[in-house]
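Hi everyone, thanks for making time.

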Amino acid sequence: MAVHRSLVIFAIVAFMAPTISLAMDYVVGDDNGWKLEVNYTDWAKEKQFYVGDTLLFKYNNASHNVYKVTGDDFNSCNVPSNNSLGLFTGNDKINLAAAGKKWYICGVTGHCNQGMKLKITVLDSTAPAPPPNAASTLLAKATNFQIVLGMTLSIAAALIMV
């Protein structure tokens with residue numbers, strides 16, 4: 001009987017563990033990418049960013065770039081004079097390695113003032129567990145494979161117990 005309980009526990013852990021610890025990859029601006037006439041404040045408003053997540057800035061590198069800046073530089077749209085602080089590939093990946101506020105702007109003249117800037121708050125990955133009614137959010141992060149795997153293991157464990 002102990003073996004059967006172990007299989008049930010294993011099935012539950014196999015189903016839930018990947019969804020809880022899964023880091024997210026965010027394409028800044030979603031399908032719009034990093035460009036003018038996108039409201040990045042609205043884009044970020046409903047998202048929670050955690051240490052370990054990744055931002056991907058997709059843009060036309062002939063027209064835009066990305067600079068990580070301080071809060072003051074963000075507010076004044078001040079582009080750092082040191083180009084080594086900028087990203088210029090058009091497919092720039094930024095790992096969110098530390099908790100805190102993060103600020104990004106386009107360094108092309110006038111673009112930041114036209115709203116091409118992003119401010120986010122990154123939360124510690126050891127944040128408190130979500131409230132019970134947020135279980136559906138965890139399930140929403142699961143991939144189809146994880147859901148099918150968890151269901152298959154749960155059914156298999158239940159059949160073995162019978």
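Let me begin with a term: a charge sits over a ring if NZ of Lys or CZ of Arg is within 6 Å of the ring centre and within 35 degrees of the ring normal. Please keep in mind that this is a predicted model. Here, the charged end of Lys 117 sits over the ring of Phe 74, at 4.5 Å from its centre.

How many aromatic pairs does a search of the whole structure find? It finds six. Take Tyr 26 and Phe 49: their ring centres are 4.8 Å apart and their planes lie at 65°, so this pair is edge-to-face. Tyr 26 belongs to strand E1 and Phe 49 to strand E2, 23 residues apart, so the pair links distant parts of the chain. Both of these residues are buried.

Tyr 67 and Phe 88 make an edge-to-face pair too, with 5.9 Å from centre to centre and 85° between the planes. Tyr 67 is in strand E4, while Phe 88 is in the loop between strands E5 and E6. Is each one buried or partly exposed? Tyr 67 is buried at 3% relative accessibility, whereas Phe 88, at 37%, is partly exposed.

There is also an aromatic cluster, formed by Trp 34, Tyr 40, Phe 57 and Tyr 104.

Last stop: Thr 54, in strand E3. Thr 54 is buried, with a relative accessible area of 6%. Its side chain makes a polar contact of 3.2 Å with that of Asn 95. Thr 54 also touches other residues, including Met 24, Tyr 26 and Ile 94.

Terms used:
Residues numbered from 1 in each chain as written. Predicted model: local features only at pLDDT ≥ 70, side-chain atom pairs only at ≥ 80, totals over all residues. Heavy atoms only, no water. Helix = DSSP H or I, 4+ residues; strand = E, 2+ residues; numbered from the N terminus. Buried < 20%, exposed > 50% of the residue type's maximum accessible area, 1.4 Å probe, protein only. Polar contact = N/O pair within 3.5 Å; in protein donor to acceptor, adjacent residues only side chain to side chain. Contact = heavy atoms within 4.5 Å. Phe/Tyr/Trp six-rings, centres within 6.5 Å; stacked < 30°, edge-to-face > 60°. Lists of a residue's contacts leave out its neighbours within four places in sequence.
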